[in-house]
Amino acid sequence: MSIFPTIDRALEAFASFVWGPPLLVLLVGGGLALLIYSRGRPYRHLGHSIELLSGRYDDPNDPGQVNHSQALSTALSGTLGLGNISGVAIAITLGGPGAIFWMWVTALVGVATKFYTATLAVMFRGRDASGELQGGPMYVIREGLGRRWMPLAVLFAVAGLCGMLPVFQSNQTTQLLRESFAEPLGWVAPGGSFTFDFAVGLLIAIASAYVIAGRIQRIGKFSAGVVPGMVLLYLGMTLVVIASFWEQVPAAFALIFSDAFSGQAIAGGTLGTAITVGVSRGAFSNEAGIGTESLAHGAAKTREPIREGVVAMLGPIVDTLLICTCTALVILLTGAWQQGGNIAGVTLTAQAFSQVFGPFGPILLLLMVLPLAFSTIVTCWYYGMKCYVFLFRGRWQGLYTGLYMVLIVLGSVASLSAVNSIIIGMYAVMAIPTMLSTFLLARHVNRAAHDYFARMDLAEKKSAEVSQ
């Protein structure tokens, strides 16, 4: 008897266990606690984030590697894309429409969580083995809590190293490319082609290697150039679908709200399933409290940690409240989620778009997904490399990059369910040191926020007096 099915089941059980109620309480309850502790201050300064993204406060002499907009784009490129398209479809398939409501909950409290985690990522930056200034939960723990907390920092770095593998992204990207482009054109037979999948994986790996060679500076520029345009394209596509079914929009929202507290729309009608799936997919989508976003925001060029915290707050709003909601409406309004069968993930979303755009629907979706999925792959390499350097002090970096490229190709030709279970499980493990360190250091953020916004208010008053 083969041991591989047993290993797969064990890893699936591990992923289900770590994403259980205790972690969901930690993420949602922890975010709510931070919201109360901050007295809602982050939400009152969302407008300031737009000013920061405009470059008004940028100073090229500030410490860091990328400006505010590039840091946010890099963080978003790690969350936008397949998580908002296949992830939402999976949430509805497993948890019903009500799961979307609980995804919204994670985003609303995730705004406060990201404010704290991103601020701490800049406030407690540390030097890596080459002396370069770095940010992220492992550096926050080492610099903010001290050496005796190092096991917690190592735990995050190990989990991050395993959780940032590119298998899921390359697999879903290849699947969408094959089903929406290659199969309709007759290039490959339905059901897949090893040669086609391998070629796609190899091309993605080569393109990734080129961007990765420029490290965070090139990744930041690439993300800042790609993410905004792809978001606008996707919003345009979804608005066309929503406009086509505009009379059913109120009913779709009503279904989301009613099912969120009943779970009747899913098999078995289990409310707990809707909540668990919604919260876990929401956390997996916007990554608030996971810690990965801190790895990007910690590279921001600024001497004011609060500024990056304010910028980071936009992440859950754009990712979950905007993009995920649009995806959910497309799936619900077109009725794609009720078609039955084993259709799920990115294929379900593609079929939903086909209801309005016909055979061009999946192709339009592909035009949006491909750049975002690619940006996610290169961003995850950056996250994983930061964890690798923290653990191994920069030795054998080429080994990690080479293995990463190999996994891109392997993910394209095989589902590798065991590796996917490891990735999902490691995301949950990363949340533990991230949220614990955030709770322990939150007082520093509150003091810094009070000082920063007091100075901002004083500057605005002086500016008003001068203009008069």
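User: Which residues does Phe439 touch, not counting residues up to four places away in sequence?

Analyst: This is a predicted model, and in it Phe439 touches Leu26, Gly30 and Leu34 once residues up to four places away in sequence are left out. Phe439 lies in helix α21, and its C-alpha is 9.1 Å from that of Ala33, although 406 residues separate Phe439 and Ala33 in sequence.

User: Why is Phe439 called partly exposed?

Analyst: The relative accessible area of Phe439 is 34%, and the term partly exposed covers values between the 20% under which a residue is buried and the 50% over which a residue is exposed, so Phe439 is partly exposed.

User: What makes Thr434 count as buried, and which helix is the place of Thr434?

Analyst: Thr434 has a relative accessibility of 2%, and since buried means under 20%, Thr434 counts as buried. Thr434 is placed in helix α21, residues 417-467, and, leaving aside neighbours within four places in sequence, it is in contact with Thr117, Pro137, Phe156, Gly289, Ile290 and Gly291.

User: Why does Thr238 count as buried, and which residues does Thr238 touch?

Analyst: The relative accessible area of Thr238 is 0%, which is under the 20% cut-off, and Thr238 is therefore buried. Thr238 belongs to helix α12, residues 215-244, and beyond four places in sequence Thr238 touches Cys326, Val330 and Phe353.

User: Why is helix α8 described as largely enclosed by the rest of the structure?

Analyst: Helix α8 spans nine residues, 137-145, and seven of them are buried, so α8 is largely enclosed by the rest of the structure. The buried residues of α8 are Pro137, Met138, Tyr139, Val140, Ile141, Arg142 and Leu145, and after α8 comes Gly146, whose phi is positive, near 100 degrees.

User: How many disulfides does the structure hold, and how far from Cys162 is the nearest cysteine sulfur?

Analyst: The structure holds zero disulfides. For Cys162 the nearest cysteine sulfur is that of Cys387, 9.5 Å away, whereas a disulfide needs two cysteine sulfur atoms within 2.5 Å, so Cys162 is in no disulfide. Cys387, likewise, is in no disulfide, with the sulfur of Cys162 as its nearest.

User: What makes Cys162 partly exposed, and is Cys387 buried or exposed?

Analyst: Cys162 has a relative accessibility of 29% and counts as partly exposed, since that value falls between the cut-offs of 20% and 50%. Cys387, at 1%, counts as buried.

User: Why is the pair of Phe115 and Tyr116 called edge-to-face, and how many aromatic pairs does a search of the whole structure find?

Analyst: The search finds twelve aromatic pairs. In one of them, the rings of Phe115 and Tyr116 are 5.5 Å apart centre to centre, with 85 degrees between the planes; ring centres pair within 6.5 Å, and planes over 60 degrees apart count as edge-to-face, so this pair is edge-to-face. Phe115 and Tyr116 are both buried.

User: What makes the pair of Tyr400 and Tyr404 tilted, and in which helix do Tyr400 and Tyr404 lie?

Analyst: The angle between the planes of Tyr400 and Tyr404 is 40 degrees, at 6.0 Å centre to centre, and as stacked pairs are under 30 degrees and edge-to-face pairs over 60, the pair counts as tilted. Both residues lie in helix α20, residues 397-413, four residues apart, about one turn of the helix, and both are buried. In an α-helix, residues three or four places apart point the same way, because there are 3.6 residues a turn.

User: Which residues touch the most other members of the largest nonpolar core?

Analyst: Of the 140 residues in that core, Trp19 and Leu365 touch the most other members, and helix α19, residues 360-392, contributes the largest share, 18 residues. The contacts of Trp19 beyond four places in sequence include Leu24, Phe284, Ile290 and Tyr427.

User: How confident is the prediction, in terms of the average pLDDT of the chain and the helices where confidence is lowest and highest?

Analyst: The chain averages a pLDDT of 80, and 88% of the residues score at least 70. Confidence is lowest in helix α5, residues 68-77, with a mean of 70, and highest in α8, at 92. Where pLDDT is low, the predicted coordinates should not be read in detail.

Notes. Residues are numbered from 1 along each chain as its sequence is written. This is a predicted model: local features need pLDDT of at least 70, side-chain atom pairs count only at pLDDT 80 or more; totals for chains, interfaces and linings use all residues. Side-chain values use heavy atoms; hydrogens and water are left out. Buried means under 20% relative accessible area, exposed over 50%, partly exposed in between (1.4 Å probe, protein chains only). Helices (H or I, at least four residues) and strands (E, at least two) are DSSP runs, numbered from the N terminus. A nonpolar core is a set of buried Ala, Val, Leu, Ile, Met, Phe, Trp, Tyr and Cys residues joined through side-chain atoms within 4.5 Å. Contact means heavy atoms within 4.5 Å. pLDDT is the predictor's confidence in each residue, from 0 to 100.
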